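Here is a brief report on selected local features. Please keep the sequence and the model in view while reading.

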Amino acid sequence: MTRTRDPERRDKILRSAADLFGRRGYHAVSMAEIGADAGITGAGIYRHFDGKAEILVVLLDEVMDELSEDQAQIAARATGTVDLRPIVEAQVSFVVQRREVARIWYSQVDNLPPADRDRLRDKQRKYLADWTRHLRAARPELGQAEAGVRVRAAVGAIQSALFHNIALDARSLQEVLTTAALAVLTS
């Protein structure tokens with residue numbers, strides 16, 4: 001009898017790891033726990049990943065790639081005046097809808113091997129530089145330094161919801177965070 005591999009197993013492993021890392025922290029989670037949560041043995045994970053560090057690297061790489069791709073698509077669709085709302089909404093949606101993964105980025109990136117950490121930080125800098133470029137296109141009166149500070153403050157406002165129990169439903173939280181971030185960028 002030939003065994004058929006579950007083509008979604010890798011994604012199940014990543015989702016389980018994201019949930020566990022986000023709730024309990026990277027160091028507190030074992031490969032066996034990730035496997036059990038994904039419905040496989042811990043040893044089965046090694047068919048897809050070399051270890052826990054690689055899982056973390058893949059998770060964070062995918063996050064930065066998704067955010068950058070969303071931003072590029074938004075910019076490509078833009079016509080005329082730069083509208084900051086879609087860029088802000090994409091970041092807010094990520095933080096609210098994929099809270100565990102956003103928490104991991106925020107709190108666990110320093111647990112990566114140095115080469116991976118540096119490469120991911122470079123991706124993050126490029127992502128923020130793109131935000132800054134969009135802000136300066138929308139508000140040409142802003143200098144580079146002020147625009148950069150505003151972008152980081154807006155992202156900080158969005159990420160403020162990561163580690164607090166917010167008594168708002170997802171839709172309301174998205175509205176509040178979007179309004180706050182846009183206020184920082186446009187005031």
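## A surface patch

Is Leu168 buried, exposed or partly exposed? Leu168 is partly exposed: its relative accessible area is 40%. This is a predicted model. Leu168 sits in the loop between α7 (144–159) and α8 (170–186).

Leu168 also belongs to a nonpolar patch on the surface.

## Leu177 in helix α8

Leu177 is part of helix α8. Leu177 counts as buried because its relative accessibility is 6%, and the cut-off for buried is under 20%.

Which residues does Leu177 touch, leaving aside neighbours within four places in sequence? The contacts are Val92, Val96, Ala157, Ile158, Ser160 and Ala161. Ile158 lies 19 residues from Leu177 in sequence, yet their C-alpha atoms are 5.4 Å apart.

## Helix α5 and Arg103

Helix α5 spans residues 99–108 and holds Arg103. Its buried residues are Val101, Ala102, Arg103, Ile104, Trp105 and Gln108. The cover over them includes α1 (9–24), α3 (52–77), α4 (85–97) and α6 (114–138).

Arg103 is buried but has no salt bridge. The nearest side chain of opposite charge belongs to Glu100, 5.7 Å away. A salt bridge would need a nitrogen–oxygen distance within 4 Å. Not counting residues up to four places away in sequence, Arg103 touches Gly22, Gln108, Leu162 and Phe163.

Technical notes
Residues are numbered from 1 along each chain as its sequence is written. This is a predicted model: local features need pLDDT of at least 70, side-chain atom pairs count only at pLDDT 80 or more; totals for chains, interfaces and linings use all residues. Side-chain values use heavy atoms; hydrogens and water are left out. Patches are made of residues with over 30% relative accessible area and no salt bridge: like charges are joined within 9 Å, nonpolar side chains (Val, Leu, Ile, Met, Phe, Trp, Tyr) within 5 Å. Accessible areas come from the Shrake-Rupley method with a 1.4 Å probe; for residues, only the protein chains shown count as cover. Helices (H or I, at least four residues) and strands (E, at least two) are DSSP runs, numbered from the N terminus. Buried means under 20% relative accessible area, exposed over 50%, partly exposed in between (1.4 Å probe, protein chains only). Lys and Arg count as positive and Asp and Glu as negative; His and the chain ends are not counted. Contact means heavy atoms within 4.5 Å.
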